[in-house]
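Here is a short report for a first look at one protein chain. Please view the structure before reading on.

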Amino acid sequence: MTQLTEVSAIRCFDGWQKRFEHHSKVLDCKMHFSVFLPPQAYQDTPLPVFYWLSGLTCSDENFSAKSGAQRVAAELGIILVIPDTSPRGDGVPDAEDGAYDLGLGAGFYVNATQAPWQGHYQMYDYIADELPSLITSLFHVGRWAISGHSMGGHGALMMALRNPSRYTSVSAFAPIVNPMACPWGQKAFTAYLGEDKTAWQAYDACYLLQQQDTSSLPPLKIDQGLADNFLDKEKLTRPFEAVCTEMKVNADIGYHAGYDHSYYFIASFIEQHLRFHARYLKG
């Protein structure tokens with residue numbers, strides 16, 4: 001098993017909010033991830049796991065500190081697993097101009113194929129395979145669900161669409177749903193994947209949904225703030241809703257007046273998302 005160090009453990013709603021450090025083989029660097037273990041984690045019954053993918057500029061600590069998700073997770077008996085958003089370290093390349101939407105904190109959950117990124121930026125493999133294997137080896141876990149915000153919403157939708165039998169359910173907050181057609185996605189995909197846009201299709205939720213056998217899709221929930229200043233510029237949520245309509249996918253998509261792109265929005269609706277997932281995680 002990968003050598004693992006427990007960095008911190010904080011008592012929280014009769015469970016523990018923990019942070020771990022390990023060396024990732026696929027990312028070839030030291031990585032951190034956070035885990036909330038509810039009180040039920042210390043019993044013999046396997047517990048469901050809720051994977052949370054964060055957005056641009058975030059680390060594994062933003063969601064655990066700002067969302068307030070632990071209270072509901074403790075009640076429902078759900079383990080929260082929160083990975084980082086990119087590889088990190090002195091040897092890991094970053095955007096030369098220090099841009100927030102490329103490089104460190106902006107891995108976009110893809111497997112990079114282009115220099116200088118391809119040696120470390122293998123975030124798809126990390127989230128899809130390496131981290132879940134590590135979590136399964138550490139804790140007594142059952143079914144998995146996945147969710148995320150913004151870039152992490154893109155990651156959650158894309159992961160679930162590429163692996164529809166792996167997750168019981170998928171949700172997202174203000175997700176980047178069509179990265180092939182928005183500034184954030186086009187910048188990142190060009191850098192990480194190159195100019196050939198056929199390589200981009202494997203990571204675009206709108207494209208992936210159009211290729212699906214919709215009968216195999218996990219239940220889907222999206223919430224979007226209407227005061228989100230990225231809603232139109234980055235084409236959040238709405239293009240995916242249009243494909244759902246086209247494909248006759250029964251997705252739970254809600255729009256909320258006055259809510260922006262921040263963690264205040266996430267904290268306002270995270271309980272609804274956890275209860276949504278709990279229905280499927282617990283069968």
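## Overall form

This is a predicted model. The chain holds eight helices and nine strands. The C-alpha trace spans about 50 × 45 × 35 Å along its principal axes.

Residues 24 or more positions apart account for 71% of them.

## Surface and charge

Of the 283 residues, 59% count as buried. The chain exposes about 11400 Å². Carbon and sulfur atoms supply 49% of that area.

There are 21 positive and 30 negative side chains. The centres of the two sets lie 5 Å apart.

## Aromatic rings

A search of the whole structure finds 21 aromatic pairs. One joins Phe 20 and Phe 33. Their ring centres are 5.4 Å apart and their planes meet at 25°. Planes under 30 degrees apart count as stacked, so this pair is stacked. Phe 20 lies in strand S2 (residues 15-24) and Phe 33 in strand S3 (residues 29-37). The pair therefore ties together parts that are 13 residues apart in sequence. Both Phe 20 and Phe 33 are buried.

Which residues form one aromatic cluster? They are Phe 50, Trp 52, Phe 63, Phe 173, Tyr 259, Phe 265 and Phe 269.

Terms used
Residues are numbered from 1 along each chain as its sequence is written. This is a predicted model: local features need pLDDT of at least 70, side-chain atom pairs count only at pLDDT 80 or more; totals for chains, interfaces and linings use all residues. Side-chain values use heavy atoms; hydrogens and water are left out. Helices (H or I, at least four residues) and strands (E, at least two) are DSSP runs, numbered from the N terminus. Buried means under 20% relative accessible area, exposed over 50%, partly exposed in between (1.4 Å probe, protein chains only). Contact means heavy atoms within 4.5 Å. Accessible areas come from the Shrake-Rupley method with a 1.4 Å probe; for residues, only the protein chains shown count as cover. Lys and Arg count as positive and Asp and Glu as negative; His and the chain ends are not counted. The place of a charge is taken as NZ of Lys, CZ of Arg, CG of Asp or CD of Glu. Rings of Phe, Tyr and Trp (its six-membered ring) pair if their centres lie within 6.5 Å; planes under 30 degrees apart count as stacked, over 60 as edge-to-face and the rest as tilted.
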